[in-house]
Amino acid sequence: MSDTLPRIVVLATGGTIAGASGNPGSSAHYQAATVPVGTLLQAVPTLARVARVEAEQVAQIDSKDMTFALWSTLAARIAHWSAQPDVAGIVITHGTDTLEETAMFLHLTQPCPVPVVLTAAMRPSTSLSADGPLNLLDAVRVAAHADARGKGVLVVINQQIHAARDAAKAHTSAVNAFVSASCGPLGFVQDDYVRFARAPLPAVAHLPVPSDWPLVEIVASYAAPSRFMVDALVAAGVRGIVVAAAGNGSVHEVLGGALADAAMEEVAVVRASRTGAGHVALPASARAVVGGFPSALDHNPYKARVLLMLLLAADPSLGADPARLQARLAAY
Ligand code: SIN
């Protein structure tokens, strides 16, 4: 390993990339988050030609069990490592199931003086044709690449580079499960060739990592819903509700009635789309925002929830002011 190679730090959190099964023929039945990061790195000897890689096992979880505490720890470890003068980039290994939420959290909170790249795998490390080793190598290649600087948090998987803001899991098992459905990936990586075809949206004014996370939940609009869940959430003291609305943001009248009552209690209600791609049209006028519910624009319900939690943590009064909330959502 040459001293002239860039120094890259891998923060490992678990997931299928660290998964193992007694049956190499199975890619569906395995235990996620069991293989230590050192073993994952040893499985990719080519890494030593790309970077001086060191690793920290920050957690070992199935990402379905992600917590606010682990998000805060990740933010602190990114701040720690990116402040070291010779660290050129940071790679985070993560489960695919909630990667899009962690990516959104980091995108919104981390200034990223060095590239921060999330990666993952759809098949466990013991599987035939495991995708983790190449994804890890590609993530390190991108993190070490000069063109990745200033592009914020990235997701590298299946040879594609996505903006953390846009990347979402859209398939249960395929290795090309991740998409940037509304505007496409930023670029690709093939061997040593890293190519950014477009820039991410301009950098955002980063939001603080909350010490106290407001209660924000997601409800969905579908045929013949009841208002029970919304009423129960309001009774429980919810501060924000993201509605996974149909199509271009439409909400069933029964659910809409319950959400309007919640909004009267200063609960921040935001409409995202359950379709998986596209923008929810902005209300036609500021007056319409006040009478209706703000749009999450192109954020899916899970990403919109992360944004709404951070916005409400920074400014709890937004629930009482839908027009200002709409303006804040549109800034991200
Ligand atoms: C997880 O999200 O931790 C398990 C599933 C995966 O990584 O694909």
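**Cysteines, ligand shell and local geometry in a predicted model**

Cys 183 is partly exposed, with a relative accessible area of 39%. This value comes from a predicted model. Cys 112, by contrast, is buried, at a relative accessible area of 9%. For Cys 183, the closest cysteine sulfur belongs to Cys 112, and the separation is 18 Å. The closest cysteine sulfur to that of Cys 112 is in turn the one in Cys 183. A disulfide requires the two sulfur atoms to lie within 2.5 Å. At 18 Å, the sulfurs of Cys 112 and Cys 183 are therefore too far apart for a bond.

The ligand was examined next. The residues around the ligand are Gly 15, Thr 16, Asp 62, Ser 63, Gly 95, Thr 96, Asp 97 and Ala 121. By class, this shell divides into one nonpolar, five polar and two charged residues. For Thr 16, a backbone N or O atom lies 2.9 Å from a ligand oxygen. For Ser 63, an N or O atom in the side chain is 2.6 Å from an oxygen of the ligand. For Thr 96, an N or O atom in the side chain is 2.4 Å from an oxygen of the ligand. Strand β9 spans residues 187-190, and strand β10 spans residues 193-196. The two strands pair in the antiparallel sense, over four bridges. Within this pairing, Val 189 stands opposite Val 194 of β10. β9 and β10 form a hairpin, with two residues between them. Asp 191 lies in the turn and has a positive phi of about 55 degrees. In a regular strand, side chains alternate between the two faces of the sheet. Strand β10 has a covered face and an uncovered face. Val 194 and Phe 196 belong to the covered face. Tyr 193 and Arg 195 belong to the uncovered one.

Positive phi values also occur in two loops. Ser 129 is not a glycine, yet its phi is positive, at about 55 degrees. Ser 129 sits in the loop between β4 (116-119) and α5 (132-143). At 55% relative accessibility, Ser 129 counts as exposed. Ala 224 is likewise a residue other than glycine, and its phi is near 50 degrees, a positive value. The loop that holds Ala 224 runs between β11 and α6 (228-235). Ala 224 is exposed, with a relative accessible area of 68%.

Arg 165 is in the loop between β6 (160-163) and β7 (168-169). Buried means under 20% relative accessible area. Arg 165 has 8% relative accessibility, so it counts as buried. Its side chain makes a polar contact of 2.9 Å with the side chain of Asp 166. A polar contact of 2.8 Å joins the side chains of Arg 165 and Asp 298. His 299 is found in the loop between α8 (286-291) and α9 (301-314). His 299 is buried, with a relative accessible area of 3%. The side chain of His 299 reaches the backbone oxygen of Tyr 332 at 2.9 Å.

Two strand residues complete the survey. Val 91 is in strand β3, which spans residues 87-93. At 0% relative accessibility, Val 91 counts as buried. Val 91 and Leu 128 are 37 residues apart along the chain, and their C-alpha atoms are separated by 24 Å. Ala 220 is in strand β11, residues 216-220. At 29% relative accessibility, Ala 220 counts as partly exposed. Ala 220 and His 252 are 32 residues apart along the chain, with 9.5 Å between their C-alpha atoms.

Key
Residues are numbered from 1 along each chain as its sequence is written. This is a predicted model: local features need pLDDT of at least 70, side-chain atom pairs count only at pLDDT 80 or more; totals for chains, interfaces and linings use all residues. Side-chain values use heavy atoms; hydrogens and water are left out. Buried means under 20% relative accessible area, exposed over 50%, partly exposed in between (1.4 Å probe, protein chains only). Two strands pair if DSSP finds at least two bridges between them. A residue is near a molecule or strand if one of its heavy atoms lies within 4 Å of it. A polar contact is a pair of N or O atoms within 3.5 Å; within protein, one must be able to donate a hydrogen and the other to accept it, and residues adjacent in sequence count only if both atoms are side-chain atoms. Ala, Val, Leu, Ile, Met, Phe, Trp, Tyr, Cys and Pro count as nonpolar, Asp, Glu, Lys and Arg as charged, and the others, Gly among them, as polar.
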